[in-house]
Amino acid sequence: MPKSFRQKLKIIYLMEAFQRKSDEEHPLTVNDLITYLKEYGISAERKTIYDDIEMLRIYGMDIVNRREKPSGFFLASREFQMPELKLLVDAVQSSKFITQKKSRQLIHKLESLTSEYEARKLQRQVYVGSRVKTMNESIYYNIDQIHDAISGNFQISFQYYEWTVSKEMRLKKDGERYRISPWELIWKDENYYLVGLDENSGIVKHYRVDKMLEILVEKEQRNGKEFFRDFDAAKFASRTFGMFGGREESVRLVFENRLVGVVIDRFGHDVMIHKQDGEHFAIQIRVNVSSQFFGWLAGLGSGAVITSPENVRKEYTDFLENTLKNYRDEK
């Protein structure tokens, strides 16, 4: 590469030096910058370095000249501050749906947003109890394809798998492709779910994105606009326990007052709470009645009671009795 061409790259390499090699604790002297440029075959004089720094300031870089020791120039502000980067790293590392390999790649990219010295502070493992990472490497691109289909108003098709007791992946429906009109992506219980209209049954369904394989964006336009015109993703997620399906019903529940925080966490701050007596309150809420809903309710013990409708009360008692059968003496 001709020397004159390298000289044209001088301002770019100086920008890189401030981004990667400087921070408040590690300022760069003019001699440091001259040495850095020399590594790339670029010569520079002290006066031109000062001129280039001023050009970078005019461009918008917040380069500060530190007078006290250690003295020198450093980049004082960046797009992301260190607490923000730590938060993002923690979110990536602890996220269940991002694989270990993709987590490392994303964290490495986040490290490039600060100096190499500050980046070392990001190289840490976040411990989250019982964290199980997904094994599907394609989920990162699945989400991108689904977003493209939603924004382009197209249907998608995919294969869907489940785990066997021998811990092997098995395609559901013998590998037949699902055909869905995608409308919403929901983050729930540390997983991504696609909500859309099943083209075969005409029913709104949801699917775990990390269990979807070989996604294709089809040429056909989406259907189901009438179902999703007033769709509220937050309400859907709050009433679908564990994101398992079930028929939707309006259920009246009575709770002990100590459980009000649990109810607000589950159904949101807008849930209507009615005082029952000095020790209890009641809510009327639409939920998807399923074994997961009953399991959540059972976890609250005697502090939560279904008061209506009667058919749901009966289903709940049947659920509890069938569960108890596993613990009763066979005699």
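**Stop 1: Asn153**

Start by selecting Asn153, which counts as partly exposed at 26% relative accessibility. The scale runs like this: buried means under 20% relative accessible area, exposed over 50%, and partly exposed in between, with a 1.4 Å probe and protein chains only. Asn153 sits in the loop between helix H8 (139-152) and E3. Check its backbone: phi is near 65°, a positive value in a residue other than glycine. Most residues other than glycine have a negative phi.

Before moving on, note that this is a predicted model, in which local features need pLDDT of at least 70 and side-chain atom pairs count only at pLDDT 80 or more, while totals for chains, interfaces and linings use all residues. Residues are numbered from 1 along each chain as its sequence is written, and side-chain values use heavy atoms, with hydrogens and water left out.

**Stop 2: the whole chain**

Zoom out. The protein chain has 13 helices and 12 strands. Helices (H or I, at least four residues) and strands (E, at least two) are DSSP runs, numbered from the N terminus. Of the 331 residues in the chain, 39% are buried. Now take the contacts (heavy atoms within 4.5 Å). Among those with a separation of 6 or more, 64% link residues 24 or more positions apart.

**Stop 3**

Select residues 154-163, which form strand E3. Here 7 of the 10 residues are buried, so E3 is largely enclosed by the rest of the structure. Two strands pair if DSSP finds at least two bridges between them.

- E8 (residues 212-221) runs antiparallel to E3, with 5 bridges. Find Tyr160; its bridge partner in E8 is Met212.
- E5 (residues 178-188) pairs with E3 in the antiparallel sense over 3 bridges. Ile156 stands opposite Ile180 of E5.
- E4 (residues 169-171) is joined to E3 by 3 bridges and runs antiparallel. Look at Trp163, whose bridge partner in E4 is Met169.

Stay in E8 and select Glu214. Glu214 is exposed, with a relative accessible area of 57%. Its phi is near 50°, another positive value in a residue other than glycine.

**Stop 4: H3 against H4**

Show H3 (residues 30-38) and H4 (residues 46-59). They pack at about 95°, with their axes 10 Å apart. So H3 is roughly perpendicular to H4. Axes are lines fitted to C-alpha atoms, for helices over the stretch in contact, and angles run from 0 to 180 degrees between N-to-C directions. Angles under 35 degrees count as roughly parallel, over 145 as roughly antiparallel, 65 to 115 as roughly perpendicular and the rest as oblique.

Which residues make the contact? On H3, pick Val30, Asn31, Leu33, Ile34 and Leu37; on H4, pick Arg46, Ile49, Tyr50 and Ile53. They divide into 7 nonpolar, 1 polar and 1 charged. Ala, Val, Leu, Ile, Met, Phe, Trp, Tyr, Cys and Pro count as nonpolar, Asp, Glu, Lys and Arg as charged, and the others, Gly among them, as polar.

**Stop 5: helix H6**

Select residues 100-111 for H6, and find Lys102 in it. Is Lys102 buried or exposed? Lys102 is buried, at a relative accessible area of 8%. Its side chain makes a polar contact with the side chain of Gln105 at 2.8 Å. (A polar contact is a pair of N or O atoms within 3.5 Å; within protein, one must be able to donate a hydrogen and the other to accept it, and residues adjacent in sequence count only if both atoms are side-chain atoms.)

Leu110 is also in H6. Leu110 counts as buried too, at 13% relative accessibility. Leaving aside neighbours within four places in sequence, Leu110 is in contact with Leu85, Leu88, Val89, Val92 and Leu122.

**Stop 6: the open sheet**

Four strands form an open sheet in the order E10-E11-E9-E12, with antiparallel pairing. E10 (274-275) and E12 (304-308) are the edge strands, each pairing on one side only. Find Lys275; its bridge partner in E11 is Phe281.

**Stop 7: two cis bonds**

End at the prolines. The bond from Lys69 to Pro70 is cis, with omega near -10°. Pro70 lies in the loop between E1 (63-66) and E2 (72-75). Another cis peptide bond joins Ser308 and Pro309, with omega about 0°. Pro309 is in the loop between E12 and H13.
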